[in-house]
Amino acid sequence: MCSSDLNQIHAVVVTCPERLRATLRGLSAKKIVARAAGYRPGDLSEPFQAAKYTLGTLARRYQYLRDELADMDRHVTELTDTISPQGGKFQHDIEVERPPA
């Protein structure tokens, strides 16, 4: 799931000012994303605030894409269940020639 976004978040965490990094130290990726998504930075000319802005933007993008993928999975499951109520086992009238054992 959106691993490039998580990689970008990690890269910003590693390089951000220590004051911000200390608030994220020891947190799982999921908790970092949740915390960073709520960041509302101030003056972007300050590195601390610019890092918060970057982390917040990346975290919200990650959450959006994660939710969009979950939506798509639900739709695909519904369509698959409609097409094949037997759980994805499509019936067909095609004979398959198997190689000799």
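Predicted model: local features only at pLDDT ≥ 70, side-chain atom pairs only at ≥ 80, totals over all residues.
Which residues in α1 and α4 meet? Residues are numbered from 1 along each chain as its sequence is written, and side-chain values use heavy atoms, without hydrogens and water.

**View 1. Packing of helix α1 (residues 3-15) with helix α4 (residues 47-83).** The two axes (lines fitted to C-alpha atoms over the stretch in contact) are 10 Å apart at an angle of about 160 degrees. α1 is therefore roughly antiparallel to α4 (an angle over 145 degrees). From α1, D5, L6, Q8, I9, V12 and V13 meet A51, T54, L55, L58, A59, R61, Y62 and L65 of α4 (contact: heavy atoms within 4.5 Å). The residues of this contact comprise ten nonpolar, two polar and two charged.

**View 2. Packing of α1 with helix α3 (residues 29-37).** Here the axes lie 11 Å apart, at about 75 degrees, so α1 and α3 are roughly perpendicular (65 to 115 degrees). L6, I9 and V13 of α1 touch A29, I32 and V33 of α3. Six nonpolar residues form this contact, with no polar and no charged ones.

**View 3. Charges over the rings of F48 and Y39.** R19 lies over the face of F48, 3.6 Å from the ring centre. The charged end of K52 sits over the ring of Y39, at 5.6 Å from its centre. Such a placement requires NZ of Lys or CZ of Arg within 6 Å of the ring centre and within 35 degrees of the ring normal.

Conventions: Axes fitted to C-alpha atoms, helices over the stretch in contact; angles between N-to-C directions. Helix = DSSP H or I, 4+ residues; strand = E, 2+ residues; numbered from the N terminus. Parallel < 35°, antiparallel > 145°, perpendicular 65-115°, else oblique. Nonpolar A, V, L, I, M, F, W, Y, C, P; charged D, E, K, R; others polar.
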